[in-house]
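Here is a quick walk through a protein model, written for someone who would rather look than calculate. Keep the viewer open while you read.

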Amino acid sequence: MVADNGDEPDDDINKLTLHVPETSHQISTDSWFQAGFVLTTGINSVFVLGYSGTIMVPLGWVGGVVGLLLATAVSLYANMLVAKLHEFDGKRHIRYRDLAGQIYGREAYYITWALQYVNLFMINIGYLILGGSALKAFYVLFNEEHTLKLPHFIAIEGVVCILFAISTPHLSSLRIWLGCSTVLSLIYIIVACVLATKDGLNAAPRDYTIHWTSTTSRIFSTIGASANLVFAFNTGMLPEIQATVRQPAVKNMMKALYFQFSVGVVPMYAVTFIGYWAYGSSTPTYLLNSATGPLWVKASANMSAFLQSVIALHIFASPAYEYLDTKFGIHGSALKVTNIAFRILARGSYLTISTLVSAMLPFLGDFESLTGALSTFPLTFILANHMFLMAKKNKLSSLQQSWHWLNVGFFALMSVAATVAGIRLIIVDSKEYHIFADV
């Protein structure tokens with residue numbers, strides 16, 4: 001299906017003429033409510049079981065609560081800017097790189113492409129690690145010998161993700177799976193909240209002190225946690241999700257964003273704050289590892305987390321799948337033998353590489369920090385503000401222009417600082433844990 005291409009921009013303003021290309025995936029077919037559920041699936045994915053440990057522990061009550069509230073507001077604002085540019089210059093931009101290329105030119109098209117795919121690749125690594133951790137937690141409930149280690153469970157997660165990717169051709173075909181994802185999310189979030197509340201009520205006073213081994217460690221840990229804050233709320237693929245929404249695309253996407261940042265954030269807030277309240281500074285990066293309760297309850301929560309990670313990963317891998325399907329001209333029925341064979345080869349290869357990297361370096365918090373630094377800051381905040389500034393500069397007052405430049409400068413500095421912090425964390429943990437570690 002091809003979106004309206006509109007008129008070509010003038011050559012003298014040195015823009016790249018980007019006709020919205022034919023895509024092998026569906027566009028303009030989904031309601032705003034389905035898009036809202038896609039966004040909410042991402043924000044309440046299995047990653048929420050780690051935020052008590054990766055955000056609250058290094059920031060404490062004041063820094064964590066204030067930081068999450070500010071990140072919510074700033075993320076909603078930045079995503080609204082991107083959503084409003086979806087039909088900029090008379091074209092419907094179904095990919096982030098298309099929008100950047102239309103505003104800046106050819107080089108920005110490819111730079112944005114690279115940033116986005118780094119972002120999505122890192123997010124998928126996180127899902128593979130967390131899915132493997134959830135499966136391992138399920139396994140140790142029934143096996144005291146612990147013969148299998150985390151890399152084995154990450155490999156199993158990878159195989160299941162490959163099978164799901166082969167059977168689910170595109171983002172719009174997730175309809176029934178989004179309902180399943182919501183149920184699965186509610187299971188592990190409710191279980192985690194209930195068990196953590198029980199543990200907190202029965203436990204001695206907790207230690208909420210922020211522990212650092214040095215001033216350097218304190219600085220880098222705080223910066224890394226700040227990157228985790230923005231990672232929690234942003235997809236890095238808003239135009240791709242908006243492409244699936246029926247017209248009017250901008251108005252409907254705004255409804256989806258309001259849904260995500262109101263109703264959608266409540267479960268995430270609940271499990272993050274309750275988990276930290278219950279376990280304090282000893283909260284792990286996978287909350288269910290600390291929770292105590294009936295075996296079958298913990299087992300159901302861990303299995304739900306494992307299965308939900310498979311669905312969530314597919315959302316964030318879909319831009320890569322769309323590129324490959326469109327590049328190689330995959331059309332027609334998803335059940336055609338040639339189309340199935342292509343998905344086995346292309347998606348299987350992509351997920352095999354992702355699984356191998358995840359199993360080699362299973363340091364979840366570090367990957368959240370580095371993803372937020374390398375790509376979430378630039379894609380969601382720096383580019384969003386600067387693209388809006390460039391696209392609407394003739395309609396913005398000097399005060400509004402200064403506001404957007406302030407955002408660009410601040411988040412650029414945060415991106416550089418968080419990148420250094422994220423790389424440092426991975427280096428430190430790589431020294432402490434060998435590759436394919438059972439963390």
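## Ground rules

This is a predicted model, where local features need pLDDT of at least 70, side-chain atom pairs count only at pLDDT 80 or more, and totals for chains, interfaces and linings use all residues. Residues are numbered from 1 along each chain as its sequence is written, and side-chain values use heavy atoms, with hydrogens and water left out.

## The overall build

Helices here are DSSP runs of H or I with at least four residues, strands are runs of E with at least two, and both are numbered from the N terminus.

Of the 439 residues, 57% count as buried. Buried means under 20% relative accessible area, exposed means over 50%, and partly exposed is in between (1.4 Å probe, protein chains only). The protein exposes about 17,900 Å², and carbon and sulfur atoms supply 68% of that; the areas come from the Shrake-Rupley method with a 1.4 Å probe, and for residues only the protein chains shown count as cover. Take the contacts between residues at least 6 apart in sequence: 83% of them join residues at least 24 apart. Contact means heavy atoms within 4.5 Å.

## H4 against H12

Two packed helices are described by the angle between their axes and the distance between the axes. The axes of H4 (residues 106–140) and H12 (residues 337–360) come within 9 Å and cross at roughly 65°. Axes are lines fitted to C-alpha atoms, for helices over the stretch in contact, and angles run from 0 to 180 degrees between N-to-C directions. H4 passes H12 in a right-handed crossing; a crossing is right-handed if the near helix is turned clockwise from the far one by less than a right angle, and left-handed if anticlockwise.

On the H4 side you'll find Leu120, Phe121, Asn124, Ile125, Leu128 and Ile129, meeting Tyr350, Ser354, Thr355, Val357 and Ser358 of H12. By class, that contact has seven nonpolar, four polar and no charged residues. The nonpolar set is Ala, Val, Leu, Ile, Met, Phe, Trp, Tyr, Cys and Pro; Asp, Glu, Lys and Arg are charged, and the others, Gly among them, count as polar. Now zoom in on Thr355 in H12. Thr355 is buried, with a relative accessible area of 10%. Leaving aside neighbours within four places in sequence, Thr355 is in contact with Leu128, Ile154, Ala155 and Gly158.

## H11 against H12

H12 also packs with H11, at an angle of about 125° and with the axes 11 Å apart. That makes H11 oblique to H12: angles under 35 degrees count as roughly parallel, over 145 as roughly antiparallel, 65 to 115 as roughly perpendicular and the rest as oblique. The crossing is right-handed. Leu313, His314, Ala317, Ala320, Tyr321, Leu324 and Asp325 of H11 make the contact with Phe342, Ala346, Arg347, Tyr350 and Leu351 of H12. Those residues divide into nine nonpolar, one polar and two charged.

Elsewhere in H11 (residues 295–327) sits Ser300, which is partly exposed at 29% relative accessible area. Ser300 and Phe138 are 162 residues apart in sequence, yet 8.2 Å apart in space, C-alpha to C-alpha.

## H6 against H10

H6 (residues 175–202) and H10 (residues 266–279) pack at about 25°, with their axes 8 Å apart. That makes H6 roughly parallel to H10, and the crossing is left-handed. The contact has 13 nonpolar, three polar and one charged residues by class.

H3 (residues 96–104) is mostly covered, with eight of its nine residues buried. Among them are Arg97, Asp98 and Gln102. Gly105 follows H3 and has a positive phi, near 130°.

Most residues other than glycine have a negative phi, and most peptide bonds are trans. Asp89 has a positive phi, near 65°; this residue lies in the loop between H2 (51–84) and H3, and is partly exposed at 33% relative accessibility. The Gln247 to Pro248 peptide bond is cis, with omega near 0°, and Pro248 lies in the loop between H8 (238–242) and H9 (249–260).
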